[in-house]
Amino acid sequence: MIYCCVTILKWLPVLTQLYLDVYKYSDTNGVVMAEKSNTNEDAAQTALMCQFCDQQNIKWKCVDCDILLCSSCKEKIHKKLKSADKHKILSIQDIGKNTSTAKRVNSNIVTVTITHLVLSTGAAVLDKDSICQLFVSYNFLGIELHELETPFSLPKPKAEQPINFNYSKTFHVDMATNYPKRQYLAGMLSPDDPNGGRIRFTVVSEPSEEDDDGECEDIGIAFVSVRDILINHNDVIDHDIPIFDAKNEKEKIGALNVTVQCLSALEAIEKEMQIDGTF
């Protein structure tokens with residue numbers, strides 16, 4: 001009995017401080033929500049402070065609570081909150097590295113971005129005078145190819161010099177109004193997918209305006225595997241993927257910088273595929 005009393009007295013100051021620090025917080029479905037009473041000006045002043053003690057030496061962020069923490073409050077206060085053991089805690093240095101948490105994408109949306117293209121030194125296309133202008137297209141979600149082309153072509157660059165397209169497109173793949181697209185994405189996860197679960201990007205040579213008889217010619221191909229995105233639990237963000245010669249897929253001729261954000265959608269679809277009759 002004496003030991004219990006001593007223990008209670010020992011922890012009483014900590015418990016009192018815990019109550020004072022967190023009494024404004026309530027747990028709803030395991031997520032702690034703060035009652036925001038500060039003005040915008042106050043919020044701006046404390047944006048980079050620990051949101052328990054207002055100290056500036058923040059070291060952590062709780063993704064579930066969406067709050068910044070110093071190391072002391074992480075252990076003494078946050079750790080004692082309900083369901084805190086299930087919360088995702090990130091080091092400040094790691095925020096932004098894990099795109100699946102720091103840049104969470106809605107599970108009904110997929111985004112593909114073509115940023116820039118580089119041709120490698122020695123690539124045969126550099127010496128072909130007939131290749132003057134380049135654009136990029138890709139096949140995805142059963143959409144017509146002409147709808148998935150960069151809106152313009154650019155002059156063929158010199159070796160190792162990028163040409164910038166900065167072309168981004170967002171696709172809605174919700175079950176209610178875009179079921180065929182969601183079904184297509186589910187099909188890419190199937191072992192029977194004819195494209196092996198890959199998005200195929202094609203670098204295309206466009207004839208000059210002066211060449212009336214010229215035709216577009218595929219000169220290079222590149223791939224992003226949506227299966228790998230799901231397996232690795234990471235979206236593809238600003239990745240340089242190799243471009244291979246369209247006529248010889250073993251010969252690398254350059255690199256294409258792309259972003260493919262679809263992890264949230266894939267994770268949701270993977271669960272839906274376990275339900276009979278969904279797809």
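I started with strand 7 and strand 8, which pair in the antiparallel sense over two bridges. In that pairing I found Leu-134 opposite Leu-154 of strand 8. I note here that the model is a predicted one.

I then looked up the pairing of strand 7 with strand 10. These two strands run antiparallel and are joined by seven bridges. Ser-137 stands opposite Thr-202 of strand 10. I also checked how covered strand 7 is: five of its seven residues are buried, which makes the strand mostly covered.

I read eight strands in an open sheet, with the order 8-7-10-11-12-13-6-9 and antiparallel pairing. Strand 8 (154-155) and strand 9 (163-172) are at the edges; each has a single partner strand, so one side of each lacks a neighbour in the sheet. Elsewhere in the sheet I looked at strand 11 (residues 217-225) and strand 12 (residues 236-245), an antiparallel pair joined by two bridges. There I noted Ile-221 opposite Phe-244 in strand 12.

I moved on to the rings. How many aromatic pairs does a search of the whole structure find? It finds three. I wrote down two of them, described by centre distance and plane angle.

One of them is Tyr-138 with Phe-201, a tilted pair at 5.3 Å centre to centre and 40° between the planes. The partners are 63 residues apart, with Tyr-138 in strand 7 (residues 133-139) and Phe-201 in strand 10 (residues 198-206), so this pair links distant parts of the chain.

Another is Phe-140 with Phe-171, an edge-to-face pair with 5.5 Å between centres and 80° between the planes. I placed Phe-140 in the loop between strand 7 and strand 8, and Phe-171 in strand 9. They are 31 residues apart, and the pair links distant parts of the chain. Phe-140 is buried at a relative accessible area of 1%, and Phe-171 is buried at 4%.

Last, I looked for charges over rings. Arg-198 lies over the face of Phe-223, 3.8 Å from the ring centre. The charged end of Lys-74 sits over the ring of Trp-60, at 4.7 Å from its centre.

Technical notes: Residues are numbered from 1 along each chain as its sequence is written. This is a predicted model: local features need pLDDT of at least 70, side-chain atom pairs count only at pLDDT 80 or more; totals for chains, interfaces and linings use all residues. Side-chain values use heavy atoms; hydrogens and water are left out. Two strands pair if DSSP finds at least two bridges between them. Helices (H or I, at least four residues) and strands (E, at least two) are DSSP runs, numbered from the N terminus. Rings of Phe, Tyr and Trp (its six-membered ring) pair if their centres lie within 6.5 Å; planes under 30 degrees apart count as stacked, over 60 as edge-to-face and the rest as tilted. Buried means under 20% relative accessible area, exposed over 50%, partly exposed in between (1.4 Å probe, protein chains only). A charge sits over a ring if NZ of Lys or CZ of Arg is within 6 Å of the ring centre and within 35 degrees of the ring normal.
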